[in-house]
Amino acid sequence: MLDLAPHLRPLLDADIPRFSTGEMKRRRDLVAAAMTEAGADHLVFCGYNRAGSAVQWLTHWPVTNEALGVFTPGLPDALFVQYVNHAPLARRFAEAAETVEWGGDASIRKVIEVLEKRGAKSGRVAVIGQMPFEQHGALVEKFGRIISLNRVYQRLRAVKSAEELDWLRIGAAMSDAGMAALRDAIKPGVTERQLGDAIERAYVPHGGTTNIHYIGTTSMHDSQIGVPRQHASNRKVQRGDVVVSEITALFLDHGGQVLRSFAVGEEPTPLYRELHAAADAALDAIFAVLKAGTTPAQVIAASNVIENAGFTIIDDLVHGYGGGYLRPILGSKSRPAGPVPEEPFQAGQTIVVQPNVVTPDRKAGVQTGQLIVITETGVESLQKFPRGFAKV
């Protein structure tokens, strides 16, 4: 069973989980206001190959192969999907849309037809989503310069409503279940691929899907990796190994994220104890300063305990999450992630804090961290899986 608050059970058990009418109106009002500010009358929102959160955010439909929608303030949406056999289910999900149908041999043509019927003018059409070159070119040919609202969309998704947090709590519980299954499956002779299978068995029966389960196994006595592998190998776990992992399971595109390390059959070696102690210290220091109004620079300064211990990082230290891999994306003093943004954190913002502390040669490293929500006075973890460097 997933570790869920009772009020979340009906949402998990629903045939098609939905946000409230009020929540959907809130989103559409935000998008309409952003369009007005940008000088757009119509919006094309899109997603491809199970990616593109704006489609689900506006219509409830989780993208499969391709989905292109037209949003015009005051009018119901038109949504076109690929393939033809995906259209019946899309109609059930996107029940508020006026049109939900197969896009034929080119969904962008259907989109252009709708825009023309709605009187779209040159320079007044916007896009959210990573649209392919050919589709963008077709829009430009008909409507001139296309306005990108992708940066604006990221800003709209940064702070979560109470309903969005509930959905993320379910994704977090599924991610925790995956991490618990990983812990319980680790034993000498098991391959990374088999560990991945065990992880998925923990949440797939509850309707969850996999975003990532990155797993890395290596000897603590002769370490060769600093971060989990994005593609599992057929390496077999051995006594004296460390297993590092990052897991995100999704509840209809709403995921948690939990990162942990496990020592196999032995206590962590002195090096790995030092690595994890620095990671824990960084996590504690960041949690201690984070609250509404904290600046990214303050978070990076709090992570200096990593460099003070003689280590660095590979992965991003902090990133926004929920509706995409969102800003701010922060590195540390020794491994920056570009210019440090000035905008302070806000209450209701969901971020992942994940100090992946590694040796300077990047051959040894640990994972720890989790998805949190920022409050006026501090942080609340959405993950419940215990912290620490566990021996299994």
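## Salt bridges across the chain

Asp-3 and Lys-384 form a salt bridge, with their closest N and O atoms 3.9 Å apart. The pair links distant parts of the chain, 381 residues apart. Asp-3 sits in the segment before helix H1, and Lys-384 in the loop between E17 and E18. Lys-384 counts as exposed, at 55% relative accessibility. The model is predicted. In total, 25 salt bridges are counted.

Glu-192 pairs with Arg-229 in another salt bridge, at 2.3 Å between the closest N and O atoms. Glu-192 belongs to helix H9, while Arg-229 lies in the loop between strands E7 and E8. Glu-192 is buried, at 0% relative accessible area. Arg-229 is partly exposed, at 25%.

## A buried bridge and a network

Asp-316 and Arg-335 meet in a salt bridge of 3.0 Å, N to O. Asp-316 is in the loop between E11 and E12 and Arg-335 in the loop between E13 and E14, so the bridge ties together parts 19 residues apart in sequence. Asp-316 is buried, at 14%. Arg-335 is buried too, at 14%.

Shared partners join Glu-23, Arg-26, Arg-27, Arg-157 and Glu-164 into one salt-bridge network. Arg-27 also lies over the face of Phe-19, 4.0 Å from the ring centre.

## Aromatic contacts

Phe-19 forms one aromatic cluster with Trp-167 and Phe-251. The whole structure holds 5 aromatic pairs. One of them is Trp-61 with Phe-93, edge-to-face, at 5.6 Å centre to centre and 70° between the planes. Trp-61 lies in the loop between H3 and E2, Phe-93 in helix H4. Both residues are buried.

Phe-262 and Phe-385 are also edge-to-face, at 6.4 Å and 80°. Phe-262 is in strand E10 and Phe-385 in the loop between E17 and E18, so this pair ties together parts 123 residues apart in sequence. Phe-262 and Phe-385 are both buried.

Terms used:
Residues are numbered from 1 along each chain as its sequence is written. This is a predicted model: local features need pLDDT of at least 70, side-chain atom pairs count only at pLDDT 80 or more; totals for chains, interfaces and linings use all residues. Side-chain values use heavy atoms; hydrogens and water are left out. Rings of Phe, Tyr and Trp (its six-membered ring) pair if their centres lie within 6.5 Å; planes under 30 degrees apart count as stacked, over 60 as edge-to-face and the rest as tilted. Helices (H or I, at least four residues) and strands (E, at least two) are DSSP runs, numbered from the N terminus. Buried means under 20% relative accessible area, exposed over 50%, partly exposed in between (1.4 Å probe, protein chains only). A charge sits over a ring if NZ of Lys or CZ of Arg is within 6 Å of the ring centre and within 35 degrees of the ring normal. A salt bridge is a side-chain nitrogen of Lys or Arg within 4 Å of a carboxyl oxygen of Asp or Glu.
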